[in-house]
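Dear colleague,

I am handing over the structure that you will be working with, and it is placed just below.

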Amino acid sequence: MIYYLLQRLFPTRTAPQNPQRIVLILPCCIGDVVLATATLQALRRGYPNAHITWAVGRWSRAAIEGHPLLDALLDTGDSALPVRSPAEMTRFIQQLRAGKFDLAVSLVRSPLMSMAVWLAGIPYRAGLDSAGRGFGYNIRAAIDPQQPRHEGDIYLDVARALGLDVHDCHANIPVLDSDRETVKARLAERGLEPGRYIVINPAGGRNPGMAMDSKRWPVANFTALANRLASQFYYDGVVVLGGPGDAELVQAAAAGLELSAIAFMGELTFGQIAALARMSAVYIGNDTGLTHLAAATGAHTIMILGPSDPARYAPFVPGALALWKPAILRPGGVAAGTPQTWDWARDGISVDETEKQILEWLRA
């Protein structure tokens, strides 16, 4: 109730016609940042001559570094939300003021963020208004946090509030030629060629905002599925992907594979992971940031979801495959946490059903 009362203190205004300096605010995390590239696409389409800066945290910035639709990045630090303490908020407000932005586009639901953008003195402030939390914005995109909608489409609501065309805007991550050539060379050393390998990523579910290991499909399922697909499509090998702390997962996956396996654990850049995914025959992963990254490159991507709803979190691109056994989940999405009784063997999609749907998809 207090947020709705505060909104009365902040009058709304119409969208600007020709902003010169725009800041897009979404610090965390990788999957969310990748989904928000659809909004970046709408902003660039609507304001082709504007200078666009993305305010993004250090955890996620590598996913969009060098994106051709961006002009600059603003480093918001290590925190998932750089306004949680007075010191962080003061620093962030100073960063915004120094940028001399005339339009802020905030995809953050926090009331502290809407306050920070207002305190920064940015004249046009467009942002998500979830249950009144966007009181500091003067161009508000009202959303219902209990309504299951795709996160990428929710972000586009801010572009819609600005009157921008969002038709055919999807997550998009370009693959650089330099990254493609680097990955080609790394694969050639191990006897693999583009289009002749599967990527599996059994890890994910951890970021500065939360840890949710329950999003991980069992490792044994990944290896069983990869072996079945390889036997039917005659792939030459499997690349197992993970982060620096995923050695146990990656090693367990590699040990169960019948084909030649290559493991990459935290040694590839985000650009190289994008290239690795784009050149693969198929990329299979959990509901994680790297799976969203793979899908956004145009790779043949399969996302396996469990305690997270594909209506909210499936890849935000045409053609990707999201696999899920319908389950009763908590309202509000992953922010509400994993159902306490969640069990992959009982509640999750099986290897048999996954294989069946993938074969239909690949053959189509």
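To begin with one helix end, S110 caps the N-terminal end of α6, where one of its side-chain oxygens lies 3.0 Å from the backbone nitrogen of L112. The model is a predicted one, in which local features need pLDDT of at least 70 and side-chain atom pairs count only at pLDDT 80 or more, while totals for chains, interfaces and linings use all residues. Residues are numbered from 1 along each chain as its sequence is written, and side-chain values use heavy atoms, with hydrogens and water left out.

Helices (H or I, at least four residues) and strands (E, at least two) are DSSP runs, numbered from the N terminus. Helix α6 covers residues 111-119, and its buried residues are P111, M113, S114, A116 and V117; buried means under 20% relative accessible area, exposed over 50%, and partly exposed in between, with a 1.4 Å probe and protein chains only. After α6 comes G121, whose phi is positive, near 75°.

Leaving aside residues up to four places away in sequence, S114 touches R133, G134, F135, G136 and Y137, where contact means heavy atoms within 4.5 Å.

Turning to the sheet, 6 strands form an open, parallel arrangement in the order β3-β2-β1-β4-β5-β6, and two strands pair if DSSP finds at least two bridges between them. Its edge strands, each pairing on one side only, are β3 (72-75) and β6 (139-143). From one strand to the next, the twist averages 20°, with axes being lines fitted to C-alpha atoms, for helices over the stretch in contact, and angles running from 0 to 180 degrees between N-to-C directions. Strand β5 (residues 124-130) pairs with β6 in the parallel sense over 5 bridges, and the bridge partner of A126 in β6 is I139. Helix α3 (residues 37-46) packs on this sheet, touching β1 (21-25), β2 (51-56) and β4 (103-106), and its direction makes about 160° with that of β2. Helix α7 (residues 151-161) lies across β4, β5 and β6, running at about 145° to β6.

With kind regards

How values were computed:
A polar contact is a pair of N or O atoms within 3.5 Å; within protein, one must be able to donate a hydrogen and the other to accept it, and residues adjacent in sequence count only if both atoms are side-chain atoms.
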